[in-house]
Amino acid sequence: GFLGSLRAWMDWHVVSGLAGAGLILVHSTLEVKNVVTRSCVWSLGIVVGSGIIGRFMVRFIPRTRAGERLGVAALEDDLMELIDEVRPALLHDRESIRILQRMVDATGSRRKKCRTFGSLFQRLHQVRLDMDHLRRSATLRRIPGGAARLRQLIRRSGRLYVQAAVSDFVSQVLDAWRVYHRSLALLLIVGLAVHVTVAIYF
């Protein structure tokens, strides 16, 4: 767009947020003298902490190169296309075929949704094990001029596999997270405004 991509704005948001937090800490010299200052410090810590967590979770939401959110249907189509391209090279490895079937099951109505953070991390661990096996299998395949291409396809399909497996749960968490993150950011701004007013007039 005219004002830049969403990804660029998010990167700037993260950088400016961390830089602002650092400047506030330098300005305060880590002294907490009153209720307003304590409120600002706590709000600052929670806003920065929740921002770091949110930035980590956003990577599991499928997006286009411009940073726009990718629809679930488009994500599943991309994943299935990659699976179909990878499958012929791994037909002789039964475990790889089972993993590809799990990847298929991660799409559409057949996918099992994560409902807790425990199930989220369990799913991510399983995905990591699956992709490690596929990469090892691809390394062992003696495909003239095609091994590097196969590993590249597996990396791409692995990224989509993760997003397809956990995107529903992460989207729900992020919707709730945005409310708290924005509310605390507003509280921090109000606290800073009070602090500046007191410093100037009192």
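A polar contact is a pair of N or O atoms within 3.5 Å; within protein, one of the two must be able to donate a hydrogen and the other to accept it. The side chains of H133 and D93 make a polar contact at 3.1 Å. H133 sits in helix α5, which covers residues 117-140. Setting aside neighbours within four places in sequence, H133 is in contact with E95, S96 and I99 as well as with D93.

Stepping back, here's the overall layout. The chain has 6 helices and 0 strands, so following it along the sequence gives the pattern α-α-α-α-α-α. Of its 202 residues, 33% count as buried. The accessible surface comes to about 13,200 Å², and carbon and sulfur atoms account for 63% of that area. Contacts across the sequence are worth a look too: take those between residues at least 6 apart, and 75% of them join residues at least 24 apart.

Is A138 buried or exposed? A138 counts as buried because its relative accessibility is 0%, and the cut-off for buried is under 20%. A138 also shows how the chain brings together residues from separate stretches of sequence: A138 and A89 are 49 residues apart along the chain, yet their C-alpha atoms are separated by 8.0 Å.

Now for the nonpolar core. The largest one holds 36 residues, and the members touching the most others are V86, M103, L134, I154, V166, V170 and L174. Two or more residues come from each of α2 (35-58), α3 (72-86), α4 (94-105), α5 and α6 (147-201). Helix α6 gives the largest share, with 14 residues. M103 is a handy one to zoom in on: leaving out residues up to four places away in sequence, M103 touches L79, I83, L134, S157 and Y161. One of these partners, L134, is itself among the core members that touch the most others.

Finally, how confident is the prediction? The mean pLDDT of the chain is 76, and 81% of the residues reach 70 or more. Confidence is highest in α4, at a mean of 85, and lowest in α2, at 76.

Technical notes:
Residues are numbered from 1 along each chain as its sequence is written. This is a predicted model: local features need pLDDT of at least 70, side-chain atom pairs count only at pLDDT 80 or more; totals for chains, interfaces and linings use all residues. Side-chain values use heavy atoms; hydrogens and water are left out. Helices (H or I, at least four residues) and strands (E, at least two) are DSSP runs, numbered from the N terminus. Contact means heavy atoms within 4.5 Å. Buried means under 20% relative accessible area, exposed over 50%, partly exposed in between (1.4 Å probe, protein chains only). Accessible areas come from the Shrake-Rupley method with a 1.4 Å probe; for residues, only the protein chains shown count as cover. A nonpolar core is a set of buried Ala, Val, Leu, Ile, Met, Phe, Trp, Tyr and Cys residues joined through side-chain atoms within 4.5 Å. pLDDT is the predictor's confidence in each residue, from 0 to 100.
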